Amino acid sequence: MGKSGGKIEISNLSKIFGKRPNTVLQQVKLGKSKQDILSETGHTVGLRDINFTINPGEIFVIMGLSGSGKSTLIRHFNRLIDPTEGQIKVDNQDIMTLSKDQLIQFRRHKMSMVFQHFGLLPHRTVVDNVAYGLQIQKIPLAERTKQAETWLETVGLAGYEKQYPSQLSGGQQQRVGLARALCTDPDILLMDEAFSALDPLIRSEMQEQLLELQKTLHKTIVFITHDLDEALRIGDRIAILKDGVISQIGTPVDILLNPADDYVEAFVKDVNRARAVPVKTIMQQSVPVVSTDSLTDAFAALPPQGYLFYEREETGFQGILTRNKLEAALKVRPDGKIITEDITKIPNLMPEMLLQEAISDALKSRYALPVLNEDGRYIGDLSPESLADTLEYNN
Ligand SMILES: Nc1ncnc2c1ncn2[C@@H]1O[C@H](COP(=O)(O)OP(=O)(O)OP(=O)(O)O)[C@@H](O)[C@H]1O
Ligand SMILES: [Mg+2]
């Protein structure tokens, strides 16, 4: 592994398609538009000064409209395309310096690609398709078949070994494609619109399966899609490409809540934020928390909103103490201790919950809802107002 820790590092990468790309590079750098360059020089700007680092073990999504340069970018990673300018490092190695043989080894061992239209070999059985990469590595038949069978089982296709691709549904064929990509145990998976040809339900299942696999595999996955929902669901980070330029790189929540420009904004404006934003990103600490057992002390700590959260040292969050109940209790038990009857129960939230799951409780509540950690302790709260502020943007 490289000293910097990046799995794939892209610097100053530009790609111009056409007869004499270097002659237009200067104009590209000066920022002349893709359209102008095409009409004036006949060259197409594929990518313009791309810089980013993909971390080991992350799912890095590249998103953008058709023609924005997604495929061009991902094909630089295994040198299916050479840059006009710039550098691509994988595990801190500049891949332009690889010899022909090294490049072959690199492609066989370091990365696998999963294709949109599956790319299976029609005259080979399912198991032979999956084992293909190992066959090329000259792994003996028995061993590679065993590996392939294990992967088929992992993707839910045990029993289909002897079938041919044409006998399988689209979703099943793409599972074969995934098993084949994983069978050589590469560090990096390149997935160019891998799920785009699948119908919505199957597509969603494949997303689920990929996330499930990733929990144990920890591959570095570069995933291209033009579907924002897919990007938000599976991406640890998302890069948004427009006309060969990166508009924004960020976590799904970054992109949703702070779109960098109009282009990104146009992508995210129709997204249901409630389904993508977790509670922890918008929780605040707006309500005081006390753990005294004295009614008088609790009463003295009441903030203007007239209630506070009550937590016990040993057992964690208990509920809320309201002005009304504290006053009533103090009348009959001046100098008394807080007892169960003084506490009002309230639903609580978990930091990882999506806003969607919190909406119903939050809207029914007159109070901010506490967000508790795994030990049942207060870490923040969600008020109906901040929930509304976040969701409002949506129309
Ligand atoms: N081999 C090529 N020769 C000339 N121009 C190319 C070539 N490959 C891509 N381009 C151009 O580069 C730009 C980016 O294309 P690319 O295929 O990377 O887009 P994309 O984002 O993958 O689009 P899609 O979503 O349709 O797959 C486009 O303008 C395209 O016309
Ligand atoms: Mg493409």
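Predicted model: local features only at pLDDT ≥ 70, side-chain atom pairs only at ≥ 80, totals over all residues.
Local features were taken at pLDDT of at least 70 and side-chain atom pairs at pLDDT 80 or more, whereas totals for chains, interfaces and linings use all residues. Residues are numbered from 1 along each chain as its sequence is written, and side-chain values use heavy atoms, with hydrogens and water left out.

Pockets were located on a 1 Å grid over the protein atoms alone, a pocket being an open set of points where a 1.4 Å probe fits, with protein on both sides within 12 Å along at least five of seven lines, and a lining residue being one with an atom within 4 Å of a point. The largest pocket has a volume of about 730 Å³, where volume is the space filled by probe spheres set on the points, which are joined across faces, edges and corners. Its lining comprises 22 residues, and those closest to the centre are L232, R233, R275, A276 and L354. At least two lining residues come from each of α8 (200-217), α9 (228-234), α10 (252-257) and α12 (279-282), helices being DSSP runs of H or I of at least four residues and strands runs of E of at least two, numbered from the N terminus. At least three residues of this lining are drawn from each of domain 1 (8-110 + 186-271) and domain 2 (280-391), with bounds from an automatic or database domain assignment.

The second largest pocket holds about 560 Å³ of space. It is lined by 18 residues, of which R107, M111, S112, M113 and G133 lie nearest its centre, and α4 (100-109), β6 (111-114), α5 (126-136) and α7 (170-183) each contribute at least two residues to this lining.

Q356 is located in helix α15 (residues 355-364). With its neighbours within four places in sequence left aside, Q356 is in contact (heavy atoms within 4.5 Å) with N272, A274 and R275. Between Q356 and N272, the separation is 84 residues in sequence and 9.1 Å in space, C-alpha to C-alpha.

Notes. Chains lettered and ligands numbered in written order.
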